[in-house]
Amino acid sequence: MGNRLIAGEGFEDALTGSIGAREECGPVAEALRRELSICRGDVRSAITAAIAPTSPTVADTVCGIYDAGLKDLRDAGRLALSVGRQLKDQETVRRGIRSDLRGMMDTMFSTAAVFAPLVLGLSTSMLTPLTAISGDGGFSGTTAVLMVYLAELCVMIAALVSFLEGNARTENVARRIGMMLPVSMLVFLISTNFGF
């Protein structure tokens, strides 16, 4: 978009052309063309209506470039190039952070899915003969409480890992819970019934 504006292309043509140049952005470009044709000169609202559902950040950025373009299109083009580089740098930094956090996130995942239920299950299993000798009641209530604790742990770890990855949508958190919770419960039940 910046190069198109610097070359002297109009703002609306530069915007729709640059968005439509990428195949995966085709629906957004089409929505933007439609909004621009019915906006009656309110380009900011057309940009917000078409782009904000996909990315509010990009919509705000494009509105800022539009405001700059009202004064000078070439300066707006330079601004667009600068902002584009900054957005690319931000994505590079995000990828680096995700890569650095990968080991910690894998550890959190394996703790919730395997290690915590294994330790709790084996601890319960080892204490069962002692309670039988002492004549106390069983661990049925404790087992239920520990299963609730493990479920809460899986939910919390799934949410934390999703937030750290920058993808905290409900579907993503639910998918992670669906992967961890059955494994955690299975490991816990097997280790509880291991029998000493």
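This is a predicted model: local features need pLDDT of at least 70, side-chain atom pairs count only at pLDDT 80 or more; totals for chains, interfaces and linings use all residues.
1. Contact here means heavy atoms within 4.5 Å.

2. Residues are numbered from 1 along each chain as its sequence is written, and side-chain values use heavy atoms, with hydrogens and water left out.

3. H2 covers residues 11-20 and H3 covers residues 26-38; their axes come within 8 Å and cross at roughly 160° (axes are lines fitted to C-alpha atoms over the stretch in contact, with angles from 0 to 180 degrees between N-to-C directions). The two helices, H2 and H3, are therefore roughly antiparallel, a label for angles over 145 degrees. H2 passes H3 in a left-handed crossing (near helix turned anticlockwise from the far one by less than a right angle; clockwise is right-handed). Helices are DSSP runs of H or I, at least four residues, numbered from the N terminus.

4. Next along, H3 packs on H4 with axes 8 Å apart and an angle of about 150°, so H3 and H4 are also roughly antiparallel to each other. Their crossing is right-handed. H3 brings Val28, Ala31, Leu32, Glu35 and Leu36 to this contact, and H4 brings Val43, Ala46, Ile47, Ala49, Ala50 and Ile51. By class, the H3 and H4 contact has ten nonpolar residues, no polar ones and one charged.

5. H4 (residues 43-51) also pairs with H5: the axes come within 9 Å and cross at roughly 160°. H4 and H5 are therefore roughly antiparallel, and their crossing is right-handed. Val43, Arg44, Ile47, Thr48 and Ile51 of H4 touch Val58, Ala59, Val62, Cys63, Gly64, Tyr66 and Asp67 of H5. Eight nonpolar, two polar and two charged residues make up this contact of H4 with H5.

6. Finally, have a look at the largest pocket, which holds about 780 Å³ of space. Its lining has 22 residues, and Ile19, Arg22, Cys25, Val58 and Leu87 are the closest to its centre. H2, H5 (56-71) and H6 (73-134) each give two or more residues to the lining, with H6 giving the most, seven. By class, the lining has 13 nonpolar, six polar and three charged residues. On a 1 Å grid over the protein atoms alone, a pocket is an open set of points where a 1.4 Å probe fits, with protein on both sides within 12 Å along at least five of seven lines, and lining residues have an atom within 4 Å of a point. Points are joined across faces, edges and corners, and the volume is the space filled by probe spheres set on them.

Key. Angles under 35 degrees count as roughly parallel, over 145 as roughly antiparallel, 65 to 115 as roughly perpendicular and the rest as oblique. Ala, Val, Leu, Ile, Met, Phe, Trp, Tyr, Cys and Pro count as nonpolar, Asp, Glu, Lys and Arg as charged, and the others, Gly among them, as polar.
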